[in-house]
Every structure is written in structure tokens, then in C-alpha cells.
Amino acid sequence: MLLLRQAVSLGAVLGYSASILCAETSANASAPSSTLASAAGESSSSPVFIKDAASRVNMFVGTTNGGHVFPGATLPHGMVKVGMDTDSPGNHAGYDANPIYNATGFSQLHDDGTGGAVPLSLFKLWPFASCGVGNTFEECQASLDGRKTLRKVLADGSPDDAAEPGYFSTNLSTDIRVELTSTRRTALHRYTFLKATKTPRIVVDITNDGIRSSTDPVMELDPDTARVTGGAHFEASFGPGRYHAFTCVDFKGEGYDLGPPKEYGAWLADFPVKQTVTLTQLYTSESESRSIWPKESSECMGPGFIDELGALFTFAPNPNGTTSILARVGVSFISSEQACANAEAEIPDFDFEGVRSAARAQWSELLGRVQVNPSGVDPEIVDLFYSSLYRTHISPADYTGENPHWNSTEPYFDSFYCNWDTYRTLYSLMALHDPATFARIVRGMLNIQQHEGWLPECRGATAKQYIQGGSNGDPIVAEFFVKFHEHAQGLGVDPNALYQALLADAELQPPNWDLQGRQINIWKSLGYIPSDVWERSGTNSKQVSRTLEYAFDDFTISQVAKILGHTRDAKKYAQRSENFVNVWNPNITFPGQKDIVGFMQPRFANGVFNLTDPRHCSIHDPLHSTCFLNAQNHDGFYEGAPIVYSQYAPHDTARLIELQGGDAKFVSRLNFIFDQDYFDSTDEPSQQIPFMYHYANRPGLSTQRSRQVIAEFYNTSVNGLPGNDDSGAMGSYVAFYLAGLYPLPATRQFLLSSPYFPEISFKNPVLNTTTTIRANGFRGNPKDGTGGHVFVKSVKVNGKAWKSNCFIEWDAFTSGALIELELTDDINVPCGASSDALPPSLSTGGYD
């Protein structure tokens, strides 16, 4: 529903209709695929099928029912993410596409797709066309509950919201139109009132973040210019810390001189007080708020938290037409003065359309580096691809210049929320088309390690948050180095600093492994994390899943060591990466399935295995257990069942196959996982499972399973995600599936399937190459993902036969190759005839 609204809005914005958009796409789609002649020439002159890639982004995918997608305005990896906040219980990104929920404000900072408590949602603005019966300043209900308002609803039942990359708009039921755009650290709002409005008013909310956790608020307003400066301390949403944030708000009339405010004052809850300019002129209290106000009052949040506070202005209307008021909102984690400086530097002239146009251009250039041929493809698949690709560039956020903890000339990135979600696919996708940003992120991670001792794991609003798995920063920085070590120094990444950061994770135990690093001492002594050892420096939980992830972390370190010529270290960490076998119990049988034997299981320090039901934490768990962060949980697993985690040794799947009884039993187990609904599309541990058939020489089954996953769980509706987007983790995962690829971080291989397009190309600006994957004989995509002319029969690279139908080397992307796939409808196609056609595994010498 919102997709249709968005397409119309985009057409209006660009000055042409949706039908012309479709005609342009059709014209591009009709371009013959034979226009490129030679292999080398093809990669360097790949056609532009999608001229404006931003036009194919549906911003509202997954914005209700748990997707927690942010549909507001931001730049690629922008710090400011300005958008609507609602009173939905699922308002982790502020917004909810369900029109039954009220809008409560338009705040400047959000995250995308997170779980935990609601992050950020700071410094809300809110417009009033009138207040109360008498329309007086004092009648304005400035609190969240007092001001909340429904949106207008369209004939199809969807809210009257529209968005494109870098822009968001809504029409409130109060007949006020709200539009938002942004630069990196500054938001620009436009509030348009009905022509008859005599008292346009705007609220600035200093204290209400997403979880209403503010303390120590400060605010000053200028009665002559209406500038508001202020800030407060707020609670981290997924950890024990707090952070300090600041804002600076300025106003300007669009098309007329706004002049000084006609009325002004600070407000406490629903009580604005004229002529006040600071919070000290109000009766506020942190610790005594419940004694001042009734217990049931929504104006206070109880001991330790401050009341709802801010500024309110009445402005002069436009005497010659419709009143539009611009609000420029700078944000900083350093000071209000820096927030003002950010705003003045980034948006000096309040040019709303100029800022919007520049944001749109940035997005279109970035997304357009990946081109797909839409000929013969359902337009929704094209939109799903670019919408997914878009969301991989919302987080992490570029907070450079906004690090309150230390001074540095290095980049500073935040909103790593969390690496456990994103390390599997997001950065490998970035490597294909945006390595310069990838390098800046890695530099920022290394700088954090140099000041805090370990690579960042989960981080939000400059505060450390809880680690979900291993030291998952390791595969991220290792992924960069394995793929770009020849260019690392040119991109500002110091190889020695990178390696030292990895060694810190691998060798040094932190004061709290729930916030950084690993439980490394016992990992080094036992080779697994036991169930019955309590140490002071972290919780005793997730023992099995951490063991598996520590093993993969060490594998990624071994690959960096090998490139750097540290042969002894390479061997040491490769051997440690095989520790996953230490939690493999070959004597556990799946309940009711005698042919499925052996599972990853918790183990005591004395070597004896404990028992966790393989169904634990799945939808079939007889105890209906959960595997989230809880210090009481000693079952050994995090957000996944043992039957799922027993498939996790991505660097040595050949060893897993051996442990599980060979190819036939391995394939049978995978089939059981899918057919009995143990595959969990909502969570990251299952992401690789559809492609695991490759390792048993059944790539056709991988192709079919991955396509069935897309058909069943993903689309472009507001319900189009089965779970949290997890900072773009879901987006990158879907984009890879649609591209016919799946990555293994810190290696030089991608698993290969068939793309959903006749052709897809990746332009790499750093390498100055374009690599094209062409599906010769493309006949479309089966709607339900089953069958079809989609299975890879043979592969050519630059016109020469390639040894495998199951993987492609990174070298093809560094050189700018043409990769040609011959397709068939035979699902039984193998990886190839030679012994090296199977994807690499450590135990079979695949990474030597």
C-alpha cells in the first residue's frame, strides 16, 4: 500500500509521472544483452540499466510488525537520521506504518532495525496550528501524551506518508504538512500550515528520548531569534551506560521574514510558561518528581528521571500566503556550541530543496554502483533489491568529529548495533561497491581499540553495549584486510595496527567480556567455554554459541596472519579455529529422529558434556524457552536452537559434514531443518544454512532453498521483513540472495548461485573496476522459488571455463571480470568435475 504511495510521491518530486518512470525502465530493460563484446571491454563499459537507483527504493519495507526499519531522512551512514516518532509499542526506529498509532514528534537521531530498548529518538520537534478552546499559548499540551496526533489516512487505508532516500513527509490530521531532510549532522524540517492559520507554533522537546530516560537537562532559548540550545544525559538502549547529547535549533520563514517569536517560553509537561527562557525558571526535580506530581501523572517518570521539558514558540504567519516554517536542528555529542557550528556549516542558508536534492544525489550515485538488468524481472524484485541495498548504508553511522571520549584525527563511527548481526554479510557487500567507506569504518574501529583496548562490538550513541556473540569485530576488519590488503595503506589503514587489534581480541581478557573482547583465558586453556565456570569479568552464558564464534574469529585472524607472513601465528589461529569440534557431542540423537545424530552441546570444565535439547529455543521447543540475554540462561545458546548452531563452522563445513556422517546425511539434516521449520528467517544464525548444500555438492538445492526463503519471507510491503532489520543485516542478506551470491568473511571466495536478473554488475571505485555476472538464457524467476531455469550448469570467467559452479574467487572482482553463467532446469547439477570444485574448507586445505 505504501509502495504505491511512495511511487506517486517520487514521480511528483522528480516532475514526471509513475507511468513515465515505468516507461523509462522498460526502455532500459529492452537494451540487448549482446551490446558488450569482449570480456575485458564488457566489465569496463557495463550499461546503466537503472539510471536513478534511488527511485527503486521503497523506504517503508519492514516498517511495522517488528521490522523496526527507519524510513526517515539521512545520508549514507549519516549521524542524523531525522524521522517521525509514534506511540507504537514497536517504535524502535520511531516510525510505525500502522495508521492507528499517533505521531508524537519528529526527532533527529534514530537507529535502523534494532531490538533491545528504543534507541535515541532525541530532540523532537512538534507543530501546533492551534491550542485548546481559546487557542492560547498556555493551553498548548506540549507533553508526549498531550500533543500526540493521528496522521491523515489515504483511501487505501495507509497513512498519508511518503519518502525517498534523503526525504520524508507526512500530513497530520491537524492539516499540517511536515517534511524532513538532512545532512550528516544536521536536520532540516519544513512545517507547512493552512493559509488561515494565525498562530503557528512549534515545540522543541529536550528531554523525551525513545525510552524517556533523560537526566541533567539544560536549555536556553533566545527570545529575539528563537534559537534553542540544550541537552541532557540519556540511557543506552542495549547496555549499562549513559551518554550526553546536545542540540541547537534555529527557525526561518520560507518566503517571508519570520521575525522574532510573538510568544515564547519554556514548558513543563502540559504547562508552558510565557517569558521564561531557561529550565531553572520552572519547578523541576529529578529525585522528587513523584512527590511533586501525582503518582499516576504522565508528566513525571519517577525517581532518577526528569520531567518532560522544552521550549515553545508562537510565530508570525506569512502575511502573503501559505505559512511554511523551516527548522534547522544541529546535533552533537560534544556540546551545544558544536551542534550550532555543525548546523551553520552544513546548512548555512536553510535551502530545503537544495539539501534534499544533494541527499538524493548521494544516494543515487552510491546505489547506482550496483546495476541490475530488470528485463523479464518482476518490478517488485528490483525494488526489493535496491531497498535492501539502501538499508545496508544506514548503519554504522559516521560520528566523525563527535567522539566525546578522546580527540583524534581518525574517523569515528558508531551505531555498531551489533557486529554479531552485521559481520556475516553487510561488510562483504560493502566490499563489492564501497570500499572507501569500509576503510573509514575499519580505521574508526582500530582507533577505538587503541583507546579502549579491544575492537568495538556493540555500540550505540558512543556507549558500549552488550555483546551478542564472539569478538565479531574480528571478521569485519579481517574481511577488509583479506580483500584489500594491497590497498590498505592507500586507504589509510595501518596493517600493523589492524593486526595488533586482532591480537588484543585473541589474547587479552578484558575487564568485562559482556562489553568488549572475549572470555579468552579459559578459551586458550580448554579450547571451549565451559558451562560451570564463573569468573568475575562477565556472565556465564552463551557458552556453546560463543565457542563457535570464537573459533570463527580465530580463523579470520589466521587469514590476516598468513597474508602478513606471520606463519606461526597463522598456524596457531587456524588450529584454534578447529575448536568448534570440542563442543560436538556425537552421542546426542534428535528426539524422534534416530538418523540425526550429533549436536553442538554445552560442556563442563572437566570435559563431561551437559545436555540441551536440540529443539531448545526453536518453535518446537517443548519448554517454550527463549535464548536472549539473561544471566540465568545456562543452556549455552543465543538466539538460535542447537540444531541451527550445529551447522555453524563456516570456515570448515567439510569437517561438519564428516561429523554428521557424510554428504547424504548432511543433506538430509539440512532438509529436515527446512521441512520441519527449524530454519529461522528472523535471526542471523540461520542466514548461511540455505547455501550449505554447496559443500555437499548439491548447489541446486542451495539455489532452490535460498529462493524459497525470499519467496516466503521477504517482499516490499510494510510487513516485508520477518524480523528486525538489525542495522541492515537483513538487507545485506537479501541483497546477496538476489544477486546469487553468499559471502564468507575474511576469505577470497563467494558462494555462487544464479541472480534474479539477466545481469548484475558491481562497480568498485577504489579498484576502478566493474565486474558483471550475466545469466545466459535467463527465463525469469519462479514465483514460489521452486524449480525453474535457475540452476548453474557451468561458469565462464572472461570467456574461459571456470572450475566450479559453486564459488567464485575475489580475483574476479578485483580485475573487473565478466562472469557468465549457463543455466539449466536440472536441480541435480554438481559443483563441477574436479576435486577442487567444492567450496573451500579449512580441513581439506582450502585456504592454504
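Reader: As α15 passes α16, is the crossing left-handed or right-handed?
Author: Left-handed would have the near helix turned anticlockwise from the far one by less than a right angle, right-handed clockwise. Helices here are DSSP runs (H or I, at least four residues), strands too (E, at least two), numbered from the N terminus. α15 passes α16 in a crossing that's left-handed.

Reader: What kind of model is this?
Author: Residues are numbered from 1 along each chain as its sequence is written, and side-chain values use heavy atoms, without hydrogens and water. Local features need pLDDT of at least 70, side-chain atom pairs count only at pLDDT 80 or more, and totals for chains, interfaces and linings use all residues, this being a predicted model.

Reader: How do α15 and α16 run, roughly parallel or roughly antiparallel?
Author: Helix α15 (residues 543-564) packs with helix α16 (residues 567-577) at about 160°, axes 7 Å apart. That angle makes the pair roughly antiparallel.

Reader: Which α16 residues make the contact?
Author: α15 brings A551, D554, F555, I557, S558, A561 and K562. Facing these on α16 are D569, A570, Y573, A574, R576 and S577.

Reader: Which are the edge strands of the open sheet?
Author: Its 8 strands go β4-β5-β6-β7-β15-β11-β10-β9, with antiparallel pairing. An edge strand pairs on one side only, which leaves β4 (161-164) and β9 (215-221).

Reader: In β11, which residue is the bridge partner of F234?
Author: Strand β10 (residues 228-235) pairs with strand β11 (residues 242-253) over 8 bridges, in the antiparallel sense. F234's partner in β11 is Y243.

Note on methods:
Axes are lines fitted to C-alpha atoms, for helices over the stretch in contact, and angles run from 0 to 180 degrees between N-to-C directions. Angles under 35 degrees count as roughly parallel, over 145 as roughly antiparallel, 65 to 115 as roughly perpendicular and the rest as oblique. Contact means heavy atoms within 4.5 Å. Two strands pair if DSSP finds at least two bridges between them.
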